Amino acid sequence: MRTLCALLLLASAALAGDLFRENFSRYPAGWLSTPVGMLNAAIQEYHYLPHRGVPLGPWANPINHQDAWVVSDEDGKPYLEQHLMSDWPEWFTALMITGDEEWSNYTAEVRMRPLSFRYPAGLAFRYHTNRHFYQFALAGGKRAVLRLRLPLETEFRRMAWRELASAEFAYDTTRYYHLKVVNDGPRIRAYIDGNLILEASDNEIPKGKAGVSATFPARFQDFAVTAADSEIASIKSRIAAREAEQIRLRAANPKPVVWKKLNTPGFGAGRNIRLGDLDGDGRLDILIGQNIPRVRGDAFSHLSCLTAMNLDGKILWQLGKPDPRNGLLTNDMPFQIQDLDGDGAAEVILIRDFKLQILDGKTGKVKNSAFMPPMAADLKERPYELNSGDSIALLNLSGSKTASEILVKDRYRYFWVYDRNLKLLWKGEGQTGHFPYAYDMDGDGKEEFVMGYTLWSHDGRKLWSRDQELRDHADGIAIGNFSGDPNAQPMAYACGSDEGFILFDHEGRIVKQHRIGHAQSPAIAKFRADIPGLQLLTINYWRNPGILTLIDAQGNILKQAEPIHSGSPLLPVNWRGDGIEFSLLSGNTKEGGMIDGEFRRVVMFPDDGHPDLASMVADLTGDARDEIILWDQQRIWIYTQDTPFKGNKIYAPRRNPDYNESNYRTTVSLPEWKEHR
């Protein structure tokens, strides 16, 4: 039988040219994600890692946090094995994908040995995203199925499929089966061991990448994708046209050039940086936090070291003992920079050693402190008597000139509101999510804020709440009038983790909900000139990472794609100053860069050895355009534009204040212009 399968592969290769061919001998034996697979899988939510252990190129593991793939050999022949039993088998499937989105009219084939009957395993083809592809699989020990994975779910945490065809086919786990799919326009023909088993016609996804998928263990050998020579020429022509367009777009944009290089030996960190004028010289400074995880993963981390430095690299002060082991994190940390009393001098507000503290921004000396409130007796995890704090937000609940009320939250149940003297004003409870968003709903100068799926008044009243109805927390949320119509009512926009995207009206009624997967890290900005108002851009992570969804102000999906296979903060970038913003994926020279509203990589970073672990966006030179801060645990590089702005007016969007930095906040960029001289 093995000889027959090999002959079939050779025969198909003789009839067409190779787009791709793989026997998996390029990889070392063992996990393809060692050693990163042993770390917290959340590290790639807002940090960039080129791979999780073994470079995969030309393949990609779209479910990047799932360490599903191992390589070894059977009778001296290499194989790729999906070795995990999925913890959510009804919701997602492991994938290994290769190729290009322009692949079309191709034949994909592989030798597969199923190792379990429990869930389908087989070929993935015409791949658009890890939630939108075709699959030809063996299932249940007795069926062959041809189906389409649909991008939107109709049920909570349950994959949606459209079955195109199926047939009885008894198989066992002791041998390999040769699976082959022939794509001819919308027509799909599926073969097993050379015999036509299934046939269907569907054109929802006319072209796309190819690979293998399995929810429970299965082995794969001798993967190949072939097409007619004329089709290969057409594919290459389309790819060349796409690349030419990107070169043209990049040439029309300013190029990133290094503005500053700073070293952070021993005290550097991952995405745990705050910006603010600490020394009072009118320029932004940098505050870097290191942390020690406690109890478990990311729920009770301790702020172990704070280092304040200016943009010339001078250390202003340091609190705690630095250690490079304590740089990475997978959560927020409770520290911010803000001028609480409006006297022109910044304070640092933080939680450390179970105390809410206010430090002098210039020196780091403690000005005031108060012990955190007790942990509630009904919490499942209660390692301490006092709360250790998850994050801090500064709000203007009193109508004063500055945001001086301090909101402190745990993860994810309770929060407390203090005044600038650390007097407890009131406390709240609910499905808090990650980080609040403040907005003055009634124009009285006192902010209301949305926390989780609840809108709170300045004095602690619930104005509306949907906490009890939605089953996963709000990863990112914002409220405002982003429609472009100044007379429109404000609406709330939530990326609700596994609840997907949710749009609420100003009274808390759900207007729209799209189950797009684990939605998080949203940004709201003017990404498209042809769409009224602002647009929301979100990225998926858990169990379907890297999928971007662009949504208009009315909650309609405009576009989806998967340009990366990880998370990203998705920060809006005012790079040109012309009123349209880009979004930053990462600083990586190949998989990163800035994308436009059509998801094209329109600005790329030079291959100059810069760090690309973490990123931040801010106007540091004062011309209203953004600089890009890239860093790892050893150094910080800052990029600016290679050309000055030309024009009388420059776009200067109003963003979330620096004193409310968070790895989870919804970054909102409101249109604003100013004179340029």
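In this predicted model, the side chains of arginine 175 and aspartate 193 come together in a salt bridge, with 2.6 Å from N to O. The pair joins distant parts of the chain, 18 residues apart, since arginine 175 sits in the loop between strand 11 (158–168) and strand 12 (177–184), while aspartate 193 belongs to the loop between strand 13 (187–192) and strand 14 (195–201). The two partners fall into separate accessibility classes: arginine 175, at 23% relative accessibility, counts as partly exposed, whereas aspartate 193, at 15%, counts as buried, because the limit for buried is under 20%.

The structure holds 55 salt bridges, and another of them connects the side chains of arginine 111 and aspartate 222 at 3.9 Å, N to O. Arginine 111 lies in strand 7 (residues 107–114) and aspartate 222 in strand 16 (residues 218–227), so this pair ties together parts that are 111 residues apart in sequence. Arginine 111 is buried, with a relative accessible area of 3%, and aspartate 222, at 18% relative accessibility, also counts as buried.

A further salt bridge links glutamate 153 to arginine 149, whose closest N and O atoms are 3.9 Å apart, and both of these residues are buried. Elsewhere, Arg296, Asp298, Glu381, Asp390, Lys409 and Arg411 are connected in a network of salt bridges.

Turning to valine 257, this residue lies in strand 17 (residues 256–263) and counts as partly exposed at 32% relative accessibility. Leaving aside residues up to four places away in sequence, valine 257 touches Ile638, Tyr639, Thr640, Gln641 and Asp642. Valine 257 and glutamate 101, by contrast, are 156 residues apart in sequence and 31 Å apart in space, C-alpha to C-alpha.

Key. Residues are numbered from 1 along each chain as its sequence is written. This is a predicted model: local features need pLDDT of at least 70, side-chain atom pairs count only at pLDDT 80 or more; totals for chains, interfaces and linings use all residues. Side-chain values use heavy atoms; hydrogens and water are left out. Helices (H or I, at least four residues) and strands (E, at least two) are DSSP runs, numbered from the N terminus. Buried means under 20% relative accessible area, exposed over 50%, partly exposed in between (1.4 Å probe, protein chains only). Contact means heavy atoms within 4.5 Å. A salt bridge is a side-chain nitrogen of Lys or Arg within 4 Å of a carboxyl oxygen of Asp or Glu.
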